[in-house]
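Welcome, and please open the structure in your viewer. We will go from stop to stop, with something to select at each one.

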Amino acid sequence: MAIESTPVHEDDVQPSPLVFGPAARARANELLTRFLDDYERSLPERSLLPALDRDVLAELLTEPVPEEGIGVDAFFAELYERVLPNSTAVAHPRFLAYVQGPPNSVGPYADAIAATLNQNCNFWQLSPAASVIERSVVRWLSGLFELGAAAGGILTSGGSVATLNALTVALVARRPDFRRRGLQDRHRPPLVVYTSQEAHRCVDKAAAILGLGLDNVRHISTDEQFRMRVDLLEEAVRADRAAGREPCCVVATAGTVTSGSVDPIAEIADVAGKHELWLHVDGAYGALFVLAEQTRELFAGCSRADSIALDPHKMLFAPYEVGCLVVRDAESLRAAYSFSAAYLTVEPDPLMIDFMDYGPQLSRGFKAFKVWAALRTFGAGAFRDAARRCLELAAHLGRRVAAEPGLELLNPVTLTAVCLRIDGRTDAEHTAILRELITEGTALLGPARLGERTGIRACVTNHRTTKADIDLVVDRLAAYARS
Ligand SMILES: *Cc1c(COP(=O)(O)O)cnc(C)c1O
């Protein structure tokens, strides 16, 4: 017997309050496109840092959530009136502080599409194409470093989490019963991690979070080019072993955050091999300069790493967030992160990966899409060009600073970070000059502390920067030196 069906008129069905009707959808489409265009057009005139409206910010903080929604038009009005004016214009061509690139142009579209598809990249059934695309992105990234056929990896929220995950994997590799026993057993020797004085704080942070303890992180001194001293690394490993501690892992940096120095990774790999240390490379800033011909050789030693942290939201100019951890042996990730749960089991498929077994997250967004979209849309060659251009601009900046009588270059320019000091100016004056450069619209530069010295740091990780921008900055700094 056929089940009697009630003919439903569209109006009879209560629509979800969270779905736009046709008119609201059309309006949202129009306003979104207008916003993307307006923002792009406004970039040349935007100030480097917004003149903050503290009243608006306080309002944003404290105003109650409306019971009745304000609708699409008012929502976009809020974007223009309250959010945009209090947002930092990181795409400004003379935004040269930190390691901060503007997004590539397909990024915002890719993020919108990924949100629409809303794939949950935990196990493949919920995200088949996404699983394969993430795999292919990771494969392309790991392929840049010739890690071998067993290599694998996972996209993360950034380089810090990639390094946190790498140290987790290193712990499990060192102590196969780590998952069960943790680090609570006082009868076992403390594990020690080695990195350099110029390493990023994410190494300390990971050691602290994992319970290794900051007292068990050795910050090895650097040479005159701010690279880890391998002789001192070996000395420290021997000293710890002699004192009954257990050397576990060394974190080399491929592109230190202040000076862009690349540690001698091959020599560190020799020490790691001799003393059975896990070799992790923090390449969050620098490793993607492997794309550029002129710096490729610096990263040759990465092929001997056990794991590498990379940041597509830096030199691939993906919108935040996307980092990546690649490992020599994909099984090492599974050893650390795979927990079977009956409610999540689907048939394995050779094409696809259950990324929940490769990292700490269960529900995961489709971060791979924006990376893949950019590689497809622009091609790898465009990213090689962007890396090369940034390197050339930084080299030009370094040469000009070195040639300018009143300016002192503080670091050899290996990648794109240039640190300098203005002769005859105190530290406080340097800080004041950084502020003035922003106010007058010249540039956003950062402070630098390199060894014992302080100064100003410019980092060219901005694909919108031109030679004229660099010259304008140097001319202004030179004027400060003369005045
Ligand atoms: C940026 C950076 C990090 C941190 O990466 P996030 O993506 O910000 O978490 C770590 N190490 C180095 C060398 C970096 O430049």
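Predicted model: local features only at pLDDT ≥ 70, side-chain atom pairs only at ≥ 80, totals over all residues.

**Stop 1: two helices side by side**

Select α1 and α3. Their axes lie 9 Å apart and pack at an angle of about 15 degrees. That angle is under the cut-off of 35 degrees, so α1 and α3 are roughly parallel to each other. The crossing of α1 past α3 is right-handed.

Now show the side chains where the helices touch. On α1, select A24, R27, A28, L31, L32, R34, F35 and D38; on α3, select V72, D73, F76, L79 and Y80.

**Stop 2: the largest pocket**

Which residues are the closest to the centre of the largest pocket? Select F35, L36, Y39, P103 and P108 to see them, out of the 22 residues that line it. The largest pocket has a volume of about 700 Å³.

Next, colour the elements that give two or more residues to the lining: α1 (22-42), α3 (71-83) and α4 (107-117). The largest share, six residues, comes from α1. By class, 14 lining residues are nonpolar, five are polar and three are charged.

**Stop 3: two spots in the backbone**

Go to E276, in the loop between α10 (265-275) and β5 (278-282). Its phi is near 55 degrees, which is a positive value in a residue other than glycine.

Then move to E321, which sits in the loop between α11 (312-315) and β7 (323-327). Zoom in on the peptide bond that joins Y320 and E321: this bond is cis, with omega at about -5 degrees.

**Stop 4**

Finally, select residues 427-439 for α15 and residues 467-482 for α16. The axes of these helices come within 12 Å and cross at roughly 135 degrees, which makes α15 oblique to α16. The crossing of α15 and α16 is right-handed.

Where do these helices touch? Show I433, E436 and L437 on α15, together with R476, L477 and Y480 on α16. Four residues of this contact are nonpolar and two are charged, and none are polar.

Note on methods:
Residues numbered from 1 in each chain as written. Heavy atoms only, no water. Axes fitted to C-alpha atoms, helices over the stretch in contact; angles between N-to-C directions. Helix = DSSP H or I, 4+ residues; strand = E, 2+ residues; numbered from the N terminus. Parallel < 35°, antiparallel > 145°, perpendicular 65-115°, else oblique. Left-handed = near helix turned anticlockwise from the far one by under 90°. Contact = heavy atoms within 4.5 Å. Nonpolar A, V, L, I, M, F, W, Y, C, P; charged D, E, K, R; others polar. 1 Å grid on protein atoms, 1.4 Å probe; cavity = no way out; pocket = protein on both sides within 12 Å on 5 of 7 lines; lining within 4 Å. Points joined across faces, edges and corners; volume = space filled by probe spheres on them.
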